[in-house]
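Welcome! Here is a short briefing to read alongside the structure. Take a moment to turn the model around before you start on the points below.

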Amino acid sequence: MNTPRKRSQRHILLINQRLMDRLRLASVPLGLLLGVVWWQATVGKIALLRPPWDAIPFVSASVLILIGLFAWIGRNLSYVQARTGHLYVASPLFHLKISYQRLQHVHPIEFQRVNPPAKASWGEKKFLSPFYALTAVEVELKSFPLDPKLLRLFFPKQMFSPSGKALILVVKDGMQLITEIDGYWQHWKQAQRTPTQP
């Protein structure tokens with residue numbers, strides 16, 4: 001069997017990317033609006049925001065602009081990648097390594113099958129609408145390397161199957177991701193069967 005490269009292609013996690021885009025679109029305009037309020041306060045046109053109160057819109061605008069910048073950068077920092085020895089799942093704030101020893105099965109699955117629109121709230125349905133027609137990648141695991149409750153602090157809940165034993169990965173080219181994971185996984189299995197030379 002040919003040895004795969006140390007790292008395959010990065011596959012952007014589309015749900016995470018949409019989450020970052022929505023965060024940016026919500027924070028940046030509000031931050032700019034508060035920046036205008038602060039500027040108006042500094043020239044004395046808003047009587048209620050005289051020093052030291054004029055610092056409130058300035059600090060708020062700065063925080064919102066920074067959140068927007070983080071979301072703009074973070075939209076491409078959420079990805080999955082097959083690597084030698086493990087599957088690498090990244091978010092802007094957390095990186096998860098899943099050993100191939102934990103994998104049970106990797107296969108395509110309809111996204112709406114694991115996240116039915118009928119069970120979603122109006123807001124969730126609107127957020128997830130671009131993904132319902134897509135085929136996702138289900139990575140069934142023997143166990144997670146960390147408590148799934150902890151992982152849900154860094155990854156959207158839609159990335160976890162209702163069974164609690166699988167990751168649901170929505171990427172642009174799911175079949176390519178499956179092929180890459182399977183290739184690295186099979187190579188890992190072969191390496192485990194090959195005795196180490198003294």
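**A quick tour of the model**

The largest pocket has a lining of 14 residues, and those nearest its centre are Leu19, Met20, Leu153, Phe154 and Phe155. Keep in mind that this is a predicted model.

**The largest pocket**

- How much space lies in the largest pocket? The value is about 210 Å³.
- Helix α1 (residues 14-42) gives the largest share of this lining, with three residues.
- Sorted by class, the lining of the largest pocket holds nine nonpolar, three polar and two charged residues.

**The second largest pocket**

- This pocket has a volume of about 170 Å³.
- Among the residues that line the second largest pocket are Val114, Asn115, Pro116, Lys119 and Ala120, and also Lys157, Gln158 and Phe160.
- Its lining counts six nonpolar, two polar and three charged residues.

**The chain as a whole**

- The chain contains six helices and seven strands.
- The chain has 198 residues, and 38% of them are buried.
- Of the contacts with a separation of 6 or more, 72% join residues 24 or more positions apart.

**Helix α6, end to end and side to side**

- Helix α6 (residues 174-193) has 20 residues and should span 28 Å at 1.5 Å a residue; its end C-alpha atoms lie 29 Å apart, which agrees.
- Which residues of α6 are buried? They are Gly174, Leu177, Ile178, Glu180, Ile181, Tyr184 and Trp185.

**A closer look at Ser27**

- You can find Ser27 in helix α1.
- Is Ser27 buried or exposed? Ser27 is buried, because its relative accessible area is 3%, and the cut-off for buried is under 20%.
- Leaving aside residues up to four places away in sequence, Ser27 touches Leu64, Ile67 and Gly68.

Terms used. Residues numbered from 1 in each chain as written. Predicted model: local features only at pLDDT ≥ 70, side-chain atom pairs only at ≥ 80, totals over all residues. Heavy atoms only, no water. 1 Å grid on protein atoms, 1.4 Å probe; cavity = no way out; pocket = protein on both sides within 12 Å on 5 of 7 lines; lining within 4 Å. Points joined across faces, edges and corners; volume = space filled by probe spheres on them. Helix = DSSP H or I, 4+ residues; strand = E, 2+ residues; numbered from the N terminus. Nonpolar A, V, L, I, M, F, W, Y, C, P; charged D, E, K, R; others polar. Expected span 1.5 Å × (residues − 1). Buried < 20%, exposed > 50% of the residue type's maximum accessible area, 1.4 Å probe, protein only. Contact = heavy atoms within 4.5 Å.
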